[in-house]
Amino acid sequence: MPDLALTKKDFTSDQEVKWCPGCGDYSILSTMQSFLPELGVPRENIVFVSGIGCSSRFPYYLETFGMHSIHGRAPTIATGLAISRPDLTVFVITGDGDSLSIGGNHLIHSLRRNIELKILLFNNRIYGLTKGQYSPTSEQGKVTKSTPLGSLDTPFNPISLAIGAEATFVARTVDSDRKHFTEVLRAATAHKGSALIEIFQNCPIFNDGAFDIVKDGDTKGAALLQMVHGQAIKSETHGLVHDGASLKVVELGSVSESDLVIHDAHNADPSYAFALSRLSSSELSHVPVGIFRDVQRDGYGSMVNNQVADIIAAQGAGDLNSLLTSGDTWDVQ
Amino acid sequence: MTKPVVSLDQVTIRFAGDSGDGMQLTGDRFTMDTASLGNDLSTLPNYPAEIRAPQGTIPGVSSFQLHFADHHVQTPGDAPDVLVAMNPAALKANIKEVRRGATIIVDKDEFTTRNLSKVGYETNPLEDGSLDSYKVHAVGLTSLTVAALSELSLTRKEAERSKNMFALGLLTWMYHRPTESTENFLKAKFGKKPEILAANLLAYKTGWNYGETTEDFAVSYEIAKAHMPAGKYRNISGNTAMAYGLIAASQRSGLKLFLGSYPITPASDILHELSKHKKFGVITFQAEDEIAAVGSALGASYGGALGITTTSGPGVALKSEMIGLGVMLELPLIIIDVQRGGPSTGLPTKTEQSDLLQAMYGRNGESPVAVLAPSHASDCFDIALEAARIATTYRVPVFIMSDGYIANGSEPWKIPSVDSLPDLHVEFAKTQENFMPYLRDPKTLARPWAIPGTKGIEHRIGGLEKADKTGAISYEPANHDLMVRARAAKVAGIEVPDLIVDDPTGDADVLILGWGSTFGPIASAIEALRESGEKVAQAHLRYINPFPKNLGAILEKYPKVLVPEMNLGQLAMLLRNQFLKDVIPCNQVRGLPFTTQELIDSTMAVLHA
């Protein structure tokens, strides 16, 4: 890529950042601002589209084009933009309420179509901006303002949902791990179609510590199952083995190294990535992080524009007069 | 032996049958052949929402009415002069609207005891004298068709399907329509199915010959060409005209046309038509729902395309929040509402004008948009260009209020020359220092259309209130007041042409003021009223928000203003609100256009109150 000689500062807008102190969104923003120069795309060709929620303030803080839209609908706006402007790099910024509750329909359809969007799903398992109601990813039994006796909803697993929706690129990372997040961003932006990145994000006000187990130095080594394409999937203490059609977490040492599952992110069969996605439970005892799935399928926008280009190549560009005078016509003298 | 030919000045024919009988196709073909003969015409397709309602029942009846004449035609006709009824249900469903003395052609093969009892006929109306005041032709449409096709290797059921072509052939003979165009149409439609093509052509020809040779049909009719301004013509429906108008707007503006749409009756044909024309660079996106449809259109507009969404009333309800975002972002957006009977799912295939207040006010906050309405089928072409002009000039969502009547109805259209179409060229914001995304043009009050890809003007917009000029988020009380008023002033200041009043003597006793698809029925009533010596004026609103600047003065001039609408008085409410004028509402919501007669009656009641 051409070195545009841009720096993190060039991608930082003049707006004062207004998240709560200690919010996981800060490090996500900072990682993104640091990554964008590397992307090699001029600032004016980058657009961030967001919905509603704390995370959706993200576009205001980036010196690119941006739109803070309405609740749940960012993928629809981004879809129209990406299809009609294939020259742009379009990110969607969303949260678990925005993308999985009110906007669930748009998320799955943009993934199945494989629209050229990079969707960053900030999952804090809570409604932050509306001050602390349970979200579609909150664990069952969650006590919140709207569920004083505990929530009854079974949570979504965003990764399973995305894979079920025919997503071609699905990954998970953690807000505070800048290096890992940057690697995932690098792969997602290199991917041709839709990319969904679930980011575990801490909300210090309404759901503090929800992800401590995968963030604390003491516990994360054991909890995080690192997925790197071509390498064995394992944490510091555990590994993965095949268990019939499924996958099973085992203690390292209880099996031979050669029995461990070697990660294949490009596996065409989605049931493999799906099986990986099922390893993460609400308790987060074993959480795969990295890229679950990265397969090639034509991007929707490029197919749309190819259809137009092909018909013009075959028949020539449309002529308005010919269109208006087509079919049965007659002359009145 | 040559049969006598009688000259008529106008005829209204209604084709009626089961929804699987092909009545819409039959009507369409007769319309095309009539149009190319040079008669003026107007059509009214009327069909059930179900694709195949139970066979032979009243709810399953589909009809197509066509009014054609040697003079200018304003409506599809109040009452048919000719009813073609393919079964007892079609007869029963339509007979009350057929005038005494009219011609009724029925398929007598369908008048079986079973079919009669299915629709509640205790005796056969063909035999019990109940149709004595009509000229009834009981023709074995089914048996004659099957007999004619006996040489072809078709099952009886397949052969029966061509009976609509037999009926069409017969009517084509009766009214001296040319046959080539329908023959060519059938060849194109069934070219890949030679047996079906042969069956249709043979049934069509046999129907024509039946009229020519049997004594049942003693005379045929001629209707001279209508006098129309010189030029090239075609027949066009409102939905097709709308699609062509949008393509024209794209071509004349140089903007890529992006349609985001979700299928909904009666708007889907605009999506279908635009989808055929990708060589104009048209992008059509069938979204997952109504919200995604308008969202994608707004996203495309943000990127510098002509963003359009097409829908009907229930879809508008779903799109409301996104249209509000369009108001806040101050981006061009065209929303086409092909209205149908409501509320809720209502009457999907029937017409109504009851979404006007929804378009005007159906959003949270002070959320003004422009509202336009085409007056007749081919006016959809012009209104689409107007909507594009207003949306791109003022950077505002624009509603086009079409309805099922003009969307599906058709009329001859004098094809405009491309050079005569307006220049819709637009300027995007250019690279500049200290760009201000909400700095308004002093004349139009529009903000810049600042599209991604333009270096140096990177900025953020959104649904939160914005500071004047800079567009930064602002919760300042005074700023919000300023911005709300600025958005309202922008829409109020949209330049629209003055309203023209048709009042030959200048001192009419009553003004009939309509909007949208009621134009034809009102014009037809005005004609009749003037012939009987009444002094009546007509004015028709194509611009509802903002209203034409001279509307207030016009309302003041006429002591009595009658406002016919296919709703319970929505325009009347707007007029009373804005002008404190006690207009007289005239309303019906039967799912059908006004008849000329009911408008005459309502006007007479006002005139002689």
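Two strands pair if DSSP finds at least two bridges between them, and helices (H or I, at least four residues) and strands (E, at least two) are DSSP runs numbered from the N terminus. This is a predicted model, in which local features need pLDDT of at least 70, side-chain atom pairs count only at pLDDT 80 or more, and totals for chains, interfaces and linings use all residues. Residues are numbered from 1 along each chain as its sequence is written, while chains are lettered from A and ligands numbered from 1 in the order in which they are written.

Q: Which residue of E9(B) stands opposite A:Trp330?
A: Strand E11 (residues 329-332) of chain A pairs with E9(B) in the antiparallel sense, over four bridges. Within E9(B), the residue opposite A:Trp330 is B:Tyr233.

Q: Which element gives the largest share of the side of chain B that touches chain A?
A: Two residues are in contact if their C-beta atoms, placed from the backbone, lie within 7 Å. The contact draws 50 residues from chain A and 55 residues from chain B. Elements of chain B that give two or more residues include helix H1 (23-37), strand E9 (231-237), helix H11 (290-302) and helix H12 (313-329). The largest share, nine residues, comes from H11(B).

Q: How many residues of the side of chain B that touches chain A are charged?
A: Ala, Val, Leu, Ile, Met, Phe, Trp, Tyr, Cys and Pro count as nonpolar, Asp, Glu, Lys and Arg as charged, and the others, Gly among them, as polar. On this side of chain B, 25 residues are nonpolar and 19 polar, and the number charged is 11.

Q: Which strands stand at the edges of the open sheet of nine strands?
A: The order is E7(A)-E10(A)-E5(A)-E6(A)-E4(A)-E3(A)-E1(A)-E2(A)-E17(B), with mixed pairing. Each edge strand has a single partner strand, so one side of each is left without a neighbour in the sheet; these are strand E7 (224-227) of chain A and E17 of chain B.

Q: What angle does the direction of helix H2 of chain A make with that of E3(A)?
A: Strand E1 (residues 46-50) and strand E3 (residues 89-95) of chain A run parallel and are joined by five bridges. Helix H2 (residues 74-84) of chain A packs on the sheet, touching E1, strand E2 (65-68), E3 and strand E4 (117-123) of chain A. Axes are lines fitted to C-alpha atoms, for helices over the stretch in contact, and angles run from 0 to 180 degrees between N-to-C directions. The angle between H2(A) and E3(A) is about 175°.

Q: Which strand gives the largest share of the side of domain 1 of chain A that touches domain 2 of chain A?
A: An automatic or database domain assignment gives domain 1 (1-210) and domain 2 (214-297) of chain A. Their contact takes 23 residues from domain 1 and 19 residues from domain 2 of chain A. Helix H5 (158-164), strand E5 (169-174) and helix H6 (178-190) of chain A each supply at least two residues of the domain 1 side. The largest share, six residues, comes from E5(A).

Q: What is the radius of gyration of chain A?
A: Chain A has 11 helices and 11 strands. The radius is taken over C-alpha atoms, and the globule rule is 2.2 Å times the number of residues to the power 0.38. For 333 residues the rule gives 20 Å, and chain A comes close to this, so it is as compact as a globular protein of that length, with a radius of gyration of 22 Å.
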